[in-house]
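Here is my note on this entry. Please read the points with the structure open beside you.

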Amino acid sequence: TNPPTPPPPPPPPAPPPAGASMDKSAKAPVITIFDHRGCSRQPKEYQGPAANAVEDEMMVKAQSLKISVSEQSAAKLLQENLSSMFGK
């Protein structure tokens, strides 16, 4: 006799509804690059230990900031992009 056939695996879970897990905080990454090489200004942005090399004059700062745009600016940008995409 043959061994019993195992049951098929269960179906994968259904995806969440569109927009259900979207981040609605209006935050975006903001990256600032500091390059003080050759500058006489003493860098004050970095507070950690010094490397005693050229790296002490460079830094990358990454933040997650709330981005706010007026409805008027958003509508203007949308119109400009649609115009350039569709030539109207």
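1. Is Pro16 buried or exposed? Pro16 counts as exposed, at 53% relative accessibility. The classes are buried under 20% relative accessible area, exposed over 50%, and partly exposed in between, with a 1.4 Å probe and protein chains only. Pro16 lies in the segment before β1.

2. Some ground rules. This is a predicted model; local features need pLDDT of at least 70, side-chain atom pairs count only at pLDDT 80 or more, and totals for chains, interfaces and linings use all residues. Residues are numbered from 1 along each chain as its sequence is written, and side-chain values use heavy atoms, with hydrogens and water left out.

3. Secondary structure. The protein chain has 1 helix and 2 strands. Their order from the N terminus is β-β-α. The radius of gyration is 26 Å, well over the 12 Å that the globule rule gives for 88 residues, so the protein chain is more spread out than a compact globule. That radius is taken over C-alpha atoms, and the globule rule is 2.2 Å times the number of residues to the power 0.38. Helices (H or I, at least four residues) and strands (E, at least two) are DSSP runs, numbered from the N terminus.

4. Extent and surface. Along the principal axes, the C-alpha atoms fill a box of roughly 85 × 55 × 25 Å. Buried residues make up 3% of the 88 residues. The protein chain exposes about 8,300 Å². Carbon and sulfur atoms supply 61% of that area. Areas come from the Shrake-Rupley method with a 1.4 Å probe; for residues, only the protein chains shown count as cover.

5. Contacts. A contact means heavy atoms within 4.5 Å. Take the contacts between residues at least 6 apart in sequence: 64% of them join residues at least 24 apart.

6. Charge. The protein chain carries 9 positive and 8 negative side chains. The centres of the two sets lie 9 Å apart. Lys and Arg count as positive, Asp and Glu as negative; His and the chain ends are not counted. Each charge is placed at NZ of Lys, CZ of Arg, CG of Asp or CD of Glu.

7. Which side chains form a salt bridge? Asp35 and Arg37 do, at 2.6 Å from N to O. The rule asks for a side-chain nitrogen of Lys or Arg within 4 Å of a carboxyl oxygen of Asp or Glu. By this rule the count is 1 salt bridge. Asp35 is partly exposed, with a relative accessible area of 41%. Arg37 is partly exposed too, at 47%.

8. Arg37 sits in the loop between β1 (27-35) and β2 (58-66). Beyond its neighbours within four places in sequence, Arg37 is in contact with Val54, Glu57 and Met58. Arg37 and Glu57 are 20 residues apart in sequence, yet 5.3 Å apart in space, C-alpha to C-alpha.

9. Please check the backbone at two positions. Ala26 has a positive phi of about 60° although it is not a glycine. Ala26 belongs to the segment before β1 and is partly exposed at 38% relative accessibility. Asn52, also not a glycine, has a positive phi of about 55°. Asn52 is in the loop between β1 and β2. With 72% relative accessibility, Asn52 counts as exposed.
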